[in-house]
Amino acid sequence: MNNNLIIETKHLTKRFPMGKGEFTALKGIDLTLGKGEFTGLIGPSGSGKTTLLNIIGSLDSPTEGEVIVMGSSVGIMSAKEAARLRKENLGFIFQSYNLLQVHTVYENVEFPLLLLKLSSSERRKMVHDALEWVGLTDKMKQKPPQLSGGECQRVAIARAMVKRPSLVLADEPTANLDAANSHNILQTMVKLNQDLMTTFLFATHDDKVIGYLRRKIYLKDGLVDKIETA
Amino acid sequence: MKLAIKLAFKNLIGAGLRTWLNVIVLSFSFVMIIAAKGILVGWDRQAKKDMADWEIAGGQYWNANYDPYDAFTLTEAHSVIPGQFKDEIERGDMVPVLITQGTIYPEGRMQSILIKGIDPGQSLLELPTGRLDTAAGALPAIIGSNMARANRLSKGDYVTIRWRDANGTFDAAEILITDIFTTNVPTVDVGQVWIALDSLQSMVLMPGEATILTFRDQENREAGVGDWKLMTYKSLVSEVDEMIKTKSVGQSIFYIILLILALLAIFDTQVLSIFRRQKEIGTYVALGYTRKEVVLLFTVEGAMHAVLAAVTGAIYGIPLLVWLANKGISLGMSSAEFGFTMADTMYPVYSGSLIIGTTLLVMIATTIVSYWPSRRIAKMNPTEALRGKLQ
Ligand SMILES: Nc1ncnc2c1ncn2[C@@H]1O[C@H](COP(=O)(O)OP(=O)(O)OP(=O)(O)O)[C@@H](O)[C@H]1O
Ligand SMILES: [Mg+2]
């Protein structure tokens, strides 16, 4: 096995119950992702990008086939093991930011560190670093409702990055942002990818995002259509 | 758990008005329960203390035939005071009372009464028996204020009483009301005339006899001495316990409704939260919580209403309860009307166990109604929760 391998999917199939029958969202996906990649799943709406990302993120499980994330198989791990994988190794960035509204920017970013039970001095240092990466040190005490969309997404990036996870999964992170903010955020992520060797996997159909990707995995109707490497 | 508490607190405070409405309603039930129960506890204590002071002291021996609810038993309910109590009586630690049925004729009307004979020198009970010593042309007697009011008798009045002696022969005499006492214990007041024990004994031809022996100290009492049976303090005040129990049932209904309303509001908030905050739930899972931990978080959040309610309740409740305890509460009813030992003004007593018990009750109830809807989270699909699409 390749030590640099972060994700490996083998004949991954996902079916959802639909009315009386079933709907096959992923129809046998074989993929590998190495450490430090900056890769995107690209495809039209309904092609299965989010479904694939969720399974890789252990939020959902495969119907058939196997998904190995950092050496553990998503389909067979317990809820507790899956939670530990997410807590320790994964960062999520969502289209709709999903920040905790009643918490300040600082607290939102600190949250994953609380789950890891780090000491308060460690946490303080790491939160300050993360806020610096995204350029939000001056908005630390504000709450999400007081921030712009771009700022919210930067908080979400800081929250995903603060624990320096091996893998960040970003589902349409720019869908709610204008062009300037999108580029700003993508540049931040590229820099983090280079500085920290964090692996990024996107799901997107946004050309702005696609422009930054080093590897593009095109999905179509639940299948890998083609793979392009820049 | 510590993190859950911290988060839950933030979330609750963040929810603003809704939280405070729930908390305030819940705190009402908190304060209500403590106030209402406190009144009963205060009543209970006061009633028992008054009974002890005025009537039963540390306990009594009753003549085996005596039944306080049947005046006709009185003709049989008397016997010679056992010799073994002589010392105790002389020390003043035991007070014999002889009771007989009689009739009083205030202003020409006729009224059935109990004539009770007691040692004028006794100090075991608060009855002002010293005034029975007063030498006068007539037989000195004391009565309670309710008896006085009902028969329009005043201090210094002369009035005729009639009784039957041991042989069944009627006799009559005039008594002089030498004192009127005020008590919360109707059973030493309403329909009763107190005179000196030796006078009554000779009037009814029962020398050395009594119906009840009231003693100061209950320790090492024999259950029965001759035809005298022991009535412990506990058994004598049991009717107070019974009455308080009855009252507390009636009272509970009131605040249980209030508590249920508060719990319903919290239940509703929980149900709503779980629907409205699906994305947040999904986010917790994405950040590394298990669904069970999210259930815990939401349960703690709901249960924390009770903590906030305790704090809020304390802020306005403590001054209110202290004020009540000092000022007392008048039920607008006298003990004579109620027929039961009861002060005109009752002073609530709040015991530690009452406060802790109430707090626990409210906490546990709140935790249950918070946990109930939260269990749903454990069945949620995190990806659907994240999309916020669950029905
Ligand atoms: N829980 C579900 N139950 C039933 N069908 C589902 C479920 N989740 C996804 N699907 C279906 O699977 C297919 C793939 O969905 P997915 O969300 O992965 O698409 P996507 O590529 O992310 O699309 P978009 O660009 O619109 O986000 C869609 O047709 C969708 O309707
Ligand atoms: Mg999608």
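**Sheet, ligand site and pockets**

In chain A, strands run in the order β2-β1-β4-β5 to form an open sheet of 4 strands with antiparallel pairing. Its edges are β2 and β5 (72-73), each of which pairs on one side only. Strands here are DSSP runs of E with at least two residues, helices are runs of H or I with at least four residues, and both are numbered from the N terminus; two strands pair if DSSP finds at least two bridges between them. The model is predicted, with local features needing pLDDT of at least 70 and side-chain atom pairs pLDDT 80 or more, while totals for chains, interfaces and linings use all residues. Residues are numbered from 1 along each chain as its sequence is written, chains are lettered from A and ligands numbered from 1 in the order in which they are written, and side-chain values use heavy atoms, leaving out hydrogens and water.

Within the sheet, β1(A) pairs with β4(A) (residues 64-69) in the antiparallel sense over 5 bridges.

Turning to the ligand, 15 residues lie around ligand 1, and A:Ser45, A:Gly46, A:Lys49, A:Thr50 and A:Thr51 come nearest; a residue is near if one of its heavy atoms lies within 4 Å. The site is shared between chains because residues from chains A and B surround ligand 1. Oxygen atoms of the ligand make polar contacts (pairs of N or O atoms within 3.5 Å): one lies 2.5 Å from a polar side-chain atom of A:Ser45, one lies 2.9 Å from a backbone N or O atom of A:Gly46, and one is 3.0 Å from a polar backbone atom of A:Gly48.

A pocket is an open set of points on a 1 Å grid over the protein atoms alone, where a 1.4 Å probe fits, with protein on both sides within 12 Å along at least five of seven lines; lining residues have an atom within 4 Å of a point. The largest pocket holds about 940 Å³ of space, a volume being the space filled by probe spheres set on the points. α1(A) gives the most to its lining, with 5 residues.

The second largest pocket holds about 750 Å³. Its lining comprises 35 residues, with B:Glu55, B:Tyr66, B:Pro68, B:Thr187 and B:Glu239 nearest the centre. α2(B) gives the most to this lining, with 4 residues.

Conventions
Polar contact = N/O pair within 3.5 Å; in protein donor to acceptor, adjacent residues only side chain to side chain.
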